[in-house]
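Dear colleague,

Please find below the structure that I am handing over to you. My findings follow directly after it.

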Amino acid sequence: MNRREFIQLLMQAAAVTGTGVFAGGAHASSRALYDLPAFGSARLLHMTDSHAQLLPIYFREPNVNIGLGEALGRWPHVVGRNLLAELGEVSPREAHALTYLDFTQAAEKFGRVGGFAHLKTLVDRLRGEVADGASLLLDGGDTWQGSGTALWTRGRDMVEATNLLGVDIMTGHWEFTYLEDEIHDNVDAFNGEFVAQNTYATEDALFDGIPVYDEDSGHVFKPYTIRELNGHRVAVIGQAFPYTPIANPKRFIPNWTFGIREDELAELVEVIREDEDPAAVVLLSHNGMDVDLKLASRVPGIDFILGGHTHDGMPRPIEVENSGGRTVVTNAGSNGKFLAVLDLDFGGGRLKDYRYRLLPVFSELLPADPAMQAHIDAVRAPHREVLDEKLAVADSLLYRRGNFNGSFDQLIVDALREELDAQIALSPGFRWGTTVTPGEAITMDRLLDQTCMTYPETYVREMSGAELRNVLESVADNLFNADPYFQQGGDMVRTGGFSYRLDPTAAMGERVSNMTLANGKTMDDGGTYKVAGWATVGSQSPGDPVWDVVARYLRARKSVRIDHLESPVLKNVKGNPGLADYRGGHA
Amino acid sequence: MTGLLTRRRFAQAMVALAAIGSTPLRALARNKEAFEAKMPDEALKALFGDKPMEATDAFEFKVPEIAEDGSIVPVTISTDMPGVKSISLLVDANPNPLSARFNFMPGAVTEFKTRIKMGESSDVRAVIETDDKLYVSTKNVKVTLGGCGG
């Protein structure tokens with residue numbers, strides 16, 4: 001699609017909807033946002049962590065994303081007004097896309113974001129602006145999980161959606177929460193290439209002859225691919241999430257082993273540089289932003305790391321110096337909210353310069369692509385009754401993203417405690433999950449956005465105070481360890497029924513203190529507490545799926561209002577630029 | 001599959017070599033004491049007495065940053081350092097820190113893969129013994145509760 005066709009499509013859509021929403025101001029906004037000056041001779045588009053959000057949604061960026069040590073004050077650990085101050089001049093629309101500020105009012109004004117039919121229109125337009133064969137669409141993974149239809153089709157609805165979208169190359173993380181055979185079937189059904197240099201078969205599994213890409217190296221998937229763009233050879237290496245069997249159940253993929261594999265990557269880059277004569281080397285990464293920044297400082301020879309996992313809408317890349325020169329590191333947000341555009345300029349067979357833009361995908365500025373919309377409608381049709389059920393109305397803004405309890409998390413832990421008759425509830429600090437604005441219905445669709453996965457079973461069990469403290473300490477270390485290679489990229493475990501004090505700057509085992517029950521009683525290591533939770537990684541829990549439990553809680557109410565978040569009292573991080581409007585207080 | 005079988009056979013051969021290496025009884029007693037030691041320094045002392053030790057990164061010592069399973073943490077060691085007599089692995093935080101010791105016949109290829117058991121996050125040390133010196137490389141391996149990945 002070229003620009004003229006795009007504008008025609010806009011006009012047609014305006015005519016069809018009859019609302020004139022695409023005319024006038026919206027048209028100008030669309031042009032201001034999506035008209036990019038031509039640059040260079042090849043274009044890479046990068047999306048990541050869409051979490052199966054096929055339809056437009058709201059997504060509130062965090063007001064708490066604390067950075068420590070080297071990450072102190074370094075993007076993405078700068079939130080809200082702090083970020084806007086560093087960005088300089090941005091439009092109110094872009095400010096809304098990049099921050100949580102005045103979220104409800106701004107969301108009403110600018111509308112929903114993402115949606116694959118709208119994304120498709122934008123992708124086609126951006127690819128249409130460059131020569132045939134001069135562009136690639138890269139997907140950083142976390143595409144096959146996050147919605148009811150993705151779960152019920154075992155990721156296949158998303159494979160078909162990415163085929164329609166035209167994804168050329170992808171890597172994965174939540175993709176690996178299906179079973180090995182299902183993953184291979186999906187990869188086979190995927191029209192592009194699935195790449196991962198850091199996914200290996202275990203030696204035992206190799207010996208047993210499980211399917212792998214390379215029996216000698218043990219790579220389960222092709223580690224990299226070379227594509228010729230406008231006559232320039234571009235290498236794209238895949239970096240799957242390194243800690244999948246730790247952060248997610250190993251039992252689904254017992255034959256595979258991961259890790260950052262820095263040495264193997266460095267060697268691979270060297271081999272590619274020597275044997276393939278690429279004009280540019282790209283790492284399509286699911287490491288997370290801080291891990292990618294450290295990696296960039298240690299592994300030379302990579303021109304770009306296009307990153308995901310930590311869901312950071314990085315408005316500009318960070319350039320990292322290393323022994324081989326410079327590596328540009330990006331992160332492209334989540335939930336279909338952003339599409340990144342990397343334009344490359346070559347000279348003398350080498351990369352000369354680049355331009356990077358992180359485009360927010362505002363659904364109202366982009367007419368839905370009819371073929372993609374038809375696919376989405378068809379996928380959802382058999383499940384409409386379940387998905388559209390209005391469980392309750394949100395009386396206040398419900399969101400998840402942030403280092404500590406979001407309001408939707410608070411709703412989940414409240415529901416777990418009440419429905420499962422538990423003193424305490426724990427809920428994982430995932431970074432996916434969409435936002436519900438005040439007055440909107442909380443449908444099953446929205447509840448599944450927050451909970452849908454292949455290990456949703458709940459549990460209720462007795463835990464000692466020491467065990468609980470150990471859970472908090474372990475997760476806090478996965479989030480706040482000074483060395484990014486020891487971080488897993490999730491947020492802090494969400495808690496209900498007790499409060500605690502947290503010093504993110506302390507060492508492992510010394511961060512958590514003052515654990516106090518909701519009734520004011522001090523918790524001690526020797527005490528015993530009845531705890532409800534879900535998403536157990538070790539073995540399957542016996543209870544109902546968490547969405548059934550929360551749905552029961554919501555159906556019993558007409559509306560839900562969250563006024564209080566059980567966030568920890570923080571120590572030693574006052575004034576941190578990654579912290580704003582914090583409701584948990586400081587010690 | 002050839003490459004793999006070769007690696008596997010190679011590893012088997014290494015173990016066999018280590019096993020048939022004629023070991024004096026005194027050395028066996030030393031090993032027992034070292035493997036039963038509760039502190040890493042005790043284990044090292046039992047094995048090597050007061051032999052001088054030097055920290056180095058000059059050989060390949062691969063462990064995962066975070067263990068996927070603490071009960072089977074993969075370790076790879078490879079070096080072309082001349083005159084290597086043995087390589088030992090110590091997990092500082094384990095109740096018995098000395099996890100493994102590999103003896104090498106003169107001229108053997110000093111390379112192996114093994115798995116060690118770790119109860120908790122810890123420094124892991126690889127100690128190369130030569131005639132006159134010990135070379136040690138230390139890496140931290142995290143053993144963590146799972147879950148909560150973004």
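The buried residues of helix 17 of chain A are covered by elements that include helix 7 (148-152), helix 15 (384-387), strand 15 (390-394), helix 16 (407-419), strand 17 (441-443) and helix 19 of chain A. Contact here means that the C-beta atoms of two residues, placed from the backbone, lie within 7 Å. Helices (H or I, at least four residues) and strands (E, at least two) are DSSP runs, numbered from the N terminus.

This is a predicted model, in which local features need pLDDT of at least 70 and side-chain atom pairs count only at pLDDT 80 or more, while totals for chains, interfaces and linings use all residues. Residues are numbered from 1 along each chain as its sequence is written, and chains are lettered from A and ligands numbered from 1 in the order in which they are written.

Helix 17 of chain A is mostly covered, with eight of its eight residues buried. The residues concerned are A:M444, A:D445, A:R446, A:L447, A:L448, A:D449, A:Q450 and A:T451. A residue is buried if 20 or more other C-beta atoms lie within 10 Å of its own, exposed if 12 or fewer, and partly exposed in between, with C-beta atoms placed from the backbone.

The axes of helix 17 (residues 444-451) and helix 19 (residues 546-555) of chain A come within 10 Å and cross at roughly 135 degrees. Axes are lines fitted to C-alpha atoms, for helices over the stretch in contact, and angles run from 0 to 180 degrees between N-to-C directions. Helix 17 of chain A and helix 19 of chain A are therefore oblique to each other; angles under 35 degrees count as roughly parallel, over 145 as roughly antiparallel, 65 to 115 as roughly perpendicular and the rest as oblique. On the helix 17 side, A:M444, A:L447, A:L448 and A:T451 meet A:V546, A:W547, A:V550 and A:A551 of helix 19 of chain A. By class, the residues of this contact between helix 17 and helix 19 of chain A are seven nonpolar, one polar and no charged. Ala, Val, Leu, Ile, Met, Phe, Trp, Tyr, Cys and Pro count as nonpolar, Asp, Glu, Lys and Arg as charged, and the others, Gly among them, as polar.

A further helix pair in chain A is helix 6 (residues 116-128) and helix 14 (residues 370-380), whose axes come within 8 Å and cross at roughly 160 degrees. Helix 6 of chain A and helix 14 of chain A are therefore roughly antiparallel to each other. A:F116, A:A117 and A:K120 of helix 6 of chain A make the contact with A:M372, A:Q373 and A:I376 of helix 14 of chain A. Four nonpolar, one polar and one charged residues form this contact of helix 6 with helix 14 of chain A.

Chain B has three helices and eight strands, in the order α-α-α-β-β-β-β-β-β-β-β along the sequence. Of the 150 residues of chain B, 30% count as buried.

Finally, the two chains touch: 16 residues of chain B are in contact with 34 residues of chain A. The side of chain B that touches chain A has six nonpolar, six polar and four charged residues.

Yours sincerely
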